[in-house]
Amino acid sequence: MRRRGAARLAAATLVSGFVAAGVLAAAGPAAADGVPQSPGGATATIGGLKTYGTAVIHDDGGDHQVSAGLFEMSVDGGGTLQTYCVDVHNPTQRDAKYRETSWSGTSLVTNKNAGKIRWILQNSYPQVNDLAALAAKAGVGSLTEQDAAAGTQVAIWRYSDGADVDAVEPRAEKLADYLEKSARALPEPRASLTLDPPAVSGHPGERLGPVTVHTNASSVTLTPPAGAATSGVRIVGKDGKEITSARDGSQVFFDVPEDAGDGSATLTAQASTTVPVGRAFTSDSRSQTQILAGSSESTVAATSGATWAVGGAIPALSAVKNCAKGGLDITVANKGDEPFTFELMDTRHTIAAGASETITVPLQEDQAYDFTITDPGGHAQRFAGVLDCRIQGSPSGAVTQTVGEPSPVTAGGGTSPDPNLAETGGTSTTPLIAATGLSLLVLGATALSIVHKRKSAGN
């Protein structure tokens, strides 16, 4: 099994103006203060495997025994998610933070069997919690929760990773075979909550927008921008009346007073809902990609920013991962009365007044990026994350090429014997790396001891 590349991409800090320069620097904090844009939806912390059995992965390196089953995540703001892995050879990092993501930001976008994975999720455990009925369909006498979770995960891996994998427990293996053979393609589920677009711009005295609410929640709470009481900026509907809530399909606007100076503001939308089964979850720590199998009532949120100026270039900036193209799509919509020109990756781009353009920044797999673009008014927008678009094994059995081959680093500084951490990543490589590191520490300590004794003898 090839190990995933861990080399980090040098971050580009972009300073905009009439002609902006692209500067290469080490990945790390951007030059400007600011929180990276989020696609919206649920954010959660993974807590490890909770219900699982055992599976065996067969590849050119031999047979590897791994844990297979349901992970549990704690949602920020309240709620619990249950997920399966769709990235079998990449380990799960302890306490990794995850964000709800569209399939376009994961390996699922180029996987012709992604819709079958969603069918498996809809028609197996835990969505089907009548284990007797599920066992009857699979042609087995009975199923435990562990059997059901392991069999479901094995069936998913066969489609998500093209893996040659079997469940150890015969009943779980029969369930996996049934699910694999019965699966039919289903469409990608909609997001729990997003605001589109995530950024708008314009002049004071205008209603900036519209920003459209997309959600499966019955109602969404809108939090006005910080300092709205003094700035006079309001969140309004189509009729110009101030609003504090919205629903799916609602269009909202930033109403900026005519006498407002150049500035910016952020709208926050929040709701409580169950996240749709089949939504993907990714982590910037290169922890294995997850796909949702079940959700309690959970807190979801999204933001949209607005920028305004009296004159000049007034860009609205947003970005989204594009795994089909292997890069980051940066969209610049210039609502000003002058062109917005900047240099990105040694290429100069000019967005005419009133125009919009999407620029794809090519990135290498598993490498961090951290971009900051500052508009003429000094407002900075930061885009940070990791491009995690590929799995290691393709459906044909070929190995996906990655950049470099260092092993992923386990969060917390080392390996853990805790079986609740996914053994699905890296099989035996992680213990080997830990042992190697320990050996080096011992050798170093021995060398220091010898030097100390020689100095003492000389004295």
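1. **Arg279.** Arg279 lies in the loop between strand E15 (263-273) and strand E16 (280-282). Strands (E, at least two residues) and helices (H or I, at least four) are DSSP runs, numbered from the N terminus. The relative accessibility of Arg279 is 5%, so Arg279 counts as buried. Buried means under 20% relative accessible area, exposed means over 50%, and partly exposed lies in between, with a 1.4 Å probe and protein chains only.

2. **Basis of the note.** This is a predicted model: local features need pLDDT of at least 70, side-chain atom pairs count only at pLDDT 80 or more, and totals for chains, interfaces and linings use all residues. Residues are numbered from 1 along each chain as its sequence is written, and side-chain values use heavy atoms, with hydrogens and water left out.

3. **Surroundings of Arg279.** The Arg279 side chain reaches the backbone oxygen of Pro189 at 3.3 Å. That is a polar contact: a pair of N or O atoms within 3.5 Å, where within protein one must be able to donate a hydrogen and the other to accept it, and residues adjacent in sequence count only if both atoms are side-chain atoms. Residues up to four places away in sequence aside, Arg279 touches Glu100, Thr101, Ser102, Glu188, Pro189, Arg190, Ala191, Gln290, Ile291 and Leu292. Contact means heavy atoms within 4.5 Å.

4. **Overall make-up.** The protein has 6 helices and 25 strands. Of its 459 residues, 50% count as buried. Among contacts with a separation of 6 or more, 70% come from residues 24 or more positions apart.

5. **Helix H3.** Helix H3 covers residues 145-160. Of its 16 residues, 14 are buried, so H3 is largely enclosed by the rest of the structure. What about its length? At 1.5 Å a residue, H3 should span 22 Å, and its end C-alpha atoms are 22 Å apart, which agrees. The expected span is 1.5 Å times one less than the number of residues. Gly162 follows H3 and has a positive phi, near 60°.

6. **Helix H4.** H4 has 13 residues (170-182). Which residues of H4 are buried? They are Ala172, Glu173, Leu175, Ala176, Tyr178 and Leu179. Their cover includes helix H1 (114-122), helix H2 (131-138), H3 and strand E7 (165-167). An α-helix has 3.6 residues a turn, so residues three or four places apart point the same way.

7. **Four-stranded sheet.** An open sheet of 4 strands runs in the order E8-E10-E14-E12, with antiparallel pairing. Two strands pair if DSSP finds at least two bridges between them. At the edges are strand E8 (193-196) and strand E12 (234-236), and each pairs on one side only. Neighbouring strands are turned by 30° against each other on average, direction ignored. Axes are lines fitted to C-alpha atoms, for helices over the stretch in contact, and angles run from 0 to 180 degrees between N-to-C directions.

8. **Strand E14.** In strand E14 (residues 251-255), 4 of the 5 residues are buried, so E14 is largely enclosed by the rest of the structure. E14 pairs with E12 in the antiparallel sense over 3 bridges. In that pairing, Arg234 stands opposite Asp255, and Val236 stands opposite Phe253. E14 also pairs with strand E10 (residues 207-215), again antiparallel, over 4 bridges. Arg207 stands opposite Asp255 here. Asp255 therefore has Arg234 and Arg207 opposite it.

9. **Three-stranded sheet.** An open sheet of 3 strands has the order E19-E20-E23, and its pairing is antiparallel. The edge strands are E19 and strand E23 (356-362), each pairing on one side only. The twist averages 20° from one strand to the next. E20 and E23 pair over 7 bridges. Thr331 stands opposite Thr358 in E23.

10. **Disulfide.** How many disulfides does the structure hold? It holds 1, taking a disulfide as a pair of cysteine sulfur atoms within 2.5 Å. Cys323 and Cys389 form it, with their sulfur atoms 2.0 Å apart. The S-S torsion is about -75°, so the disulfide is left-handed. The pair links distant parts of the chain, 66 residues apart. Cys323 is in the loop between strand E19 (315-322) and strand E20 (327-334), and Cys389 is in the loop between strand E25 (380-386) and helix H6 (429-458).

11. **Cysteine burial.** Cys323 is buried, at 9% relative accessible area. Cys389 is buried too, at 8%. For Cys85, also buried, the value is 0%.
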